[in-house]
Amino acid sequence: MAEILWGQKLKQMNGAGDIEAENLNPAPNRIAVGPWSDLALHTIGWRAFQDLCSQICEVTLRRPVEIFREAQDGGQDAVFLIPSDDPAGAPIGTVQCKHTSDAAKALRTSDLNAEVDHVRELVANGQANTYVFMTNMSVDAGVAMEIRTRLLELGVRKAHILGRQYVVRTIRGSARLRALVPQVYGLGDLTSIIDERITQQSRALLDNWIPKLKTYVPTRAHRDAVRAIGNHGIVLLLGNPSSGKSAIGAIISTIASENPNNTVLALTSPRDFEAGWNPSDPGRFFWIDDAFGSNQVREDYVQDWTSAFAKLRAAIGHGNRFLLTSRKHIYEAARRRLGQRNLPLFADGRAVVDVGVLTAEEKAQILYNHINYGSQSQSWKSSVKPHLGAVAAVDEFLPGIAERLGDPNFTKSLAPREASLVRFMREPREQLIDTVNALEPVLQAALILIYVHQGAFRIIGFDPEAAAAVAELTGCGLPQIQDAFADLKGSFLKASGSGTGTMWTFAHPTISDALTEILSEKPFMMAALLRGATIDTVLDNFICEGSQDIPNALTIPASLNDTLVERLARTPDEAERTWSLFIFLAYRASDAVFEKLIRLDPDILKRKTWETTVIANSPKLVTHARAYRARLLDDDLRERAAVSLESAAADEFDLSFFDNSAMLELIPAERLVRLGMSLRIQRLPELEDKISEITDSADLDDDPESHFEKIGNALTKLENLDVDDRGRELINEARREIKRSIQLLEERKEERDSESDDDSDWSHIVTASAVEAPAPTKPAKTTTRSIFEDVDSA
């Protein structure tokens, strides 16, 4: 069977083994636009080329090959065996792959000499009926004829010589192969494969990532992410800073953009999704990086997701797909806040992938790629080559730090010794802080300017007060600072858009983390930043000394309380800014700052902002509760707050605030007692009707259990209040009714889904065979060869 498949794929080859006439394209309706592109296969290293060859064989033969022998003579080649149909049978074919780091090198007849004895052995064992010689060298037709004739003389029945042109053409013709080996996107002008419409729509996304794709290594996390999207329509990638979450997101988004029916949207917040979702467009792929906040959990994002998750589930049902990323500690904080309102696929881990788990081979290949493709000098690469194995073996290895090792901007003071290199990987935060501190003042000023603009500086539309404050603080003129952006591009900064529409952002969120720590240790800078930073930066990134600790937040010393209060009092009275202000007052402000601000401007408490799905999460009501305890809430506002809480309990059966003693105090004691009696005497007996009402009006695109979360939580809280026997009986009856209603909704949803057709096609990303990891390969018989052997090749 393997021989038949191979023959079918290669039947257009001529007798000399020339592959120029062949045209393998599994998707004939796809039209590649743009110039013919050669791929820099000589730059990927011998190990990566072996992996590429094995994946080409899998795509061509529809089965994984097994490595039989790696080169033992210093050559850059390996041998794979083609399995037979019978699992117990001997392999029936052999694939010899040979790599060179010389872009101009052509295959010679003598290149087969070292393998003659081995070919005879394979023929004798019946393992070389088919013999394929695959290389990244160019192949002359005459040489291919000579090698093929020699193989036939040695007993091979079918011989094929496949050179660089064949490999390139196979890559260009198979989206599935590119999904398995996405590194090839960065080896040439493969953006021409993506049709013009998609290229334009995702240009901002691709422009920053295409140059980095050649360093990408498809890890198990990559395959798990693709599998999750195929099975569930969504995946959440979790990892520590620099673990490679965004790289996987960019790769999979790029692959998704190849389908002409897809629209790839790179978003920054759940509110962007709600604005960008179109129920009539089933081909949208949403990539939402740092979905719950970049450097720390964003309370507004968490709240937005509580309502957006319902629409997200509906969007998946309509054929949309989602990829979200988050730092582990930020998602854990968000998960606790979301509680049962979390997306079920995230809550039970079915659509969550930890990108931080890497094998030793994956670490080594990642490090190899970043050093090989990095901008370090050849002499530097040669000097560190003996120590790279130790760096790759570091338990705390991070892909993002490996990338920095390949960039001389981050290693100017790094000695090329094993101890220094290992420390660079183990202590990346300290190394980055040292690097930023060592930058020229104007370059530091450029980073600070972006920092005070929430990590996104627009050439047109920046905050002039914030910019003036940075210029005054650093002693650098604003034009000089902006000119410095270009010097930081590619290492510390990235740019999207062009001309006056250019927006500058940090190349990685860890740079913002480093600036936070640097600035926190320089009190003289804090005052200037507090006065000059945008109000959004202050509200989202700062906390008061003496308030609760929030990781990666910049602490404002108590000596600057008056300055902070002055800035907070000037927060614009807009729904979004007021929301952030209430979050700051509820969770980030010290008692001294809170009381000073409310005494200065009591009307702040009267501002309007968004409501929350669960009332206990309302930052406005939490702020009101804090003000009441400080005796700063007037009677009218207390009454309004009490009515809101009572209505939530009586009308929505939302008792979430029962766990918050400060919020309970907003309801006068006698009314709180009446509320409790009403819930027991009136609301509990009516729950069956309420549950039926919810069931009848439920949206089948939502998760069935989500409709009854408030009631379920309320039942638990009432039970904890030690109600009487009749009350416990009513609670148990309500739970049984909820269970029946959930089952009924699941049946309705299953019946509806069985009648609908999903026309969305994601097979170019996800097919059963494409997402599976290759079968375990047979280990090489003997090899001591280092993957870093040719890392310093020209």
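User: Which side chains meet in a salt bridge with R671 and E639 in view, and how do I read such a pair?

Analyst: The general idea first: side chains of opposite charge can pair when their charged atoms come close. In this predicted model, the side chains of R671 and E639 do so, with 2.7 Å from N to O. R671 sits in helix α34 and E639 in helix α32 (residues 635-652), so you're looking at a link between distant parts of the chain, 32 residues apart.

User: Is R671 buried or exposed? And what about E639?

Analyst: The cut-off for buried is under 20% relative accessible area. R671 has 16%, so it counts as buried. E639 comes out at 36%, which makes that residue partly exposed.

User: Where does R629 find its salt-bridge partner?

Analyst: At E665, with the closest N and O atoms 3.0 Å apart. R629 lies in helix α31, while E665 is in the loop between α33 (661-664) and α34 (669-683), so the pair ties together parts 36 residues apart in sequence. Both ends are partly exposed: R629 has a relative accessible area of 47%, and E665 has 33%.

User: What does D573 pair with, and at what N to O distance?

Analyst: D573 meets R607 in a salt bridge, at 4.0 Å. Here both residues are in loops: D573 between α28 (561-569) and α29 (575-588), R607 between α30 (591-600) and α31 (619-629), with 34 residues separating the two. D573 is exposed at 55%, whereas R607 counts as buried at 10%.

User: How many salt bridges does a search of the whole structure find?

Analyst: The search finds 33. Salt bridges can also share partners, and that joins R298, D300 and D540 into one network.

User: Let's switch to helix packing. At what angle do α31 and α32 pack?

Analyst: About 130°, with the axes 11 Å apart. As for handedness, the crossing of the two helices is left-handed.

User: Which residues meet where α31 packs on α32?

Analyst: From α31 you have L621, H624 and Y628, and they meet L637, R638, A641 and L645 of α32. Sorted by class, this contact has five nonpolar residues, one polar and one charged.

Conventions:
Residues numbered from 1 in each chain as written. Predicted model: local features only at pLDDT ≥ 70, side-chain atom pairs only at ≥ 80, totals over all residues. Heavy atoms only, no water. Helix = DSSP H or I, 4+ residues; strand = E, 2+ residues; numbered from the N terminus. Buried < 20%, exposed > 50% of the residue type's maximum accessible area, 1.4 Å probe, protein only. Axes fitted to C-alpha atoms, helices over the stretch in contact; angles between N-to-C directions. Left-handed = near helix turned anticlockwise from the far one by under 90°. Contact = heavy atoms within 4.5 Å. Nonpolar A, V, L, I, M, F, W, Y, C, P; charged D, E, K, R; others polar.
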